[in-house]
Amino acid sequence: MARFVLSIDGGGVRGLLPALVLQELLGRVGERLGRRPEAHECFDLIAGTETGGLLAAGLTAPAGAERDRAVLGVDGLVAFFRKRVRKIYPNGWFAPRVGEGLYDHRRLERLLGELFGATRLSECLAPVMMTAYDLEARRPAHLVAGGPYAWSDLDASYRDAVRATTATPTWFQPAEVKNAFSSGKPMPLIGGTLFANDPAMAVLAEAARMDWGHEKIFVLSLGTGRPTRAFPARKTRKWTPERWLDRRKGSALIAIAAQAAADGVAYQADLFLNQGGELQYTRIDGPLSASVSERSDLASGRNLKALERQAQAWIAEHSRDLDAWAQRLARRLGWVDPAAAVPVPVAAPALSSEISAAVAA
């Protein structure tokens, strides 16, 4: 039996990129089935970090009593990034500098309350995971539920789980997350951006816990774009600590750590899953075009339109990958390919050399 996993990177407003790619993928699945399925029907686990965690939540949290429909779904998430993400990052070009205060976490919490209400992770439509880091225990905290996690004592609310995974240092205050079954003090959590911005390897660790080791695991990893700005030594040697963290200039230290974490995971997952037979790991990501801001909080209309153009370029570039995944997922849902008597071979991700080059650089 095969298992199918969706892994989504962090990246603030650039979460619009994986949302649009996923919307295209589900549309291609729908062309084969005669109906467009929801993501929770297609994947055995949906995982995300930061903005990817918000996507994972919107794809798996039920719409009230409707157990067959997600609270947002992919269309709702695309609309969210187009119209409502400004409520999280309202300052546009005038993001506060270090020392001038963080973004207002209360604004974010109110928005998450509107989206998810009191729904708990244990009510998920498909197994879900969001990454965070426990400041007191000094260890990763995978906020997971569904399937074999029905027993989990980390049954947080969706609202708290998303608040935790999006609590990137220098942007938002740490979150305080309460367990459903504990009267103890809340856990102080920050987002998983600095250690699992691409949560694919965290997904594989959870797969081992779920006893998937004897099954073939296929991972679709959706990135939020690779910034290309260089940091010459002649400039950075003069930077103060405040300059390294200046949000108006892209929070260089946080951005470098997040990109390094994602690139490292992509390289590792490619080595572990794509070294023989059928390729099991597909990474859809790439350099950001010059028209897209590297800042993760720039929610201007101009930048959002540039992100939409970037997503369409990725869709065209990775069309074979998307078709291969669409056939895979359609077969999972009962579709029989009339043109093939044997399973359709999976197209190569075409990113192995790019991943290797990024790590070698």
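The model is predicted, and the protein in it contains 14 helices and 10 strands. Of its 361 residues, 55% are buried, while the accessible surface amounts to about 15500 Å², with carbon and sulfur atoms contributing 53% of that area. Among the contacts in the protein with a separation of 6 or more, 75% are between residues 24 or more positions apart.

Two packed helices are described by the angle between their axes and the distance between the axes. Helix α8, which covers residues 200–209, and helix α11, which covers residues 252–273, have axes that come within 8 Å and cross at roughly 45°, and this angle makes α8 oblique to α11. On the α8 side the contact involves Ala200, Met201 and Leu204, which meet Val265, Gln268, Ala269, Phe272 and Leu273 of α11. Sorted by class, the residues of this contact are 7 nonpolar and 1 polar, with no charged residues.

Thr165 belongs to helix α6, residues 158–165, and counts as buried because its relative accessible area is 0%, where the cut-off is under 20%. Leaving aside residues up to four places away in sequence, Thr165 touches Gly48, Thr49, Glu50, Gly53, Met130, Thr131, Gly191 and Gly192. For Glu50, the backbone nitrogen lies 3.0 Å from a polar atom of the Thr165 side chain. Met130, another of the residues that Thr165 touches, is 35 residues from Thr165 in sequence, yet the two are 6.3 Å apart in space, C-alpha to C-alpha.

Definitions and conventions
Residues are numbered from 1 along each chain as its sequence is written. This is a predicted model: local features need pLDDT of at least 70, side-chain atom pairs count only at pLDDT 80 or more; totals for chains, interfaces and linings use all residues. Side-chain values use heavy atoms; hydrogens and water are left out. Axes are lines fitted to C-alpha atoms, for helices over the stretch in contact, and angles run from 0 to 180 degrees between N-to-C directions. Helices (H or I, at least four residues) and strands (E, at least two) are DSSP runs, numbered from the N terminus. Angles under 35 degrees count as roughly parallel, over 145 as roughly antiparallel, 65 to 115 as roughly perpendicular and the rest as oblique. Contact means heavy atoms within 4.5 Å. Ala, Val, Leu, Ile, Met, Phe, Trp, Tyr, Cys and Pro count as nonpolar, Asp, Glu, Lys and Arg as charged, and the others, Gly among them, as polar. Buried means under 20% relative accessible area, exposed over 50%, partly exposed in between (1.4 Å probe, protein chains only). A polar contact is a pair of N or O atoms within 3.5 Å; within protein, one must be able to donate a hydrogen and the other to accept it, and residues adjacent in sequence count only if both atoms are side-chain atoms. Accessible areas come from the Shrake-Rupley method with a 1.4 Å probe; for residues, only the protein chains shown count as cover.
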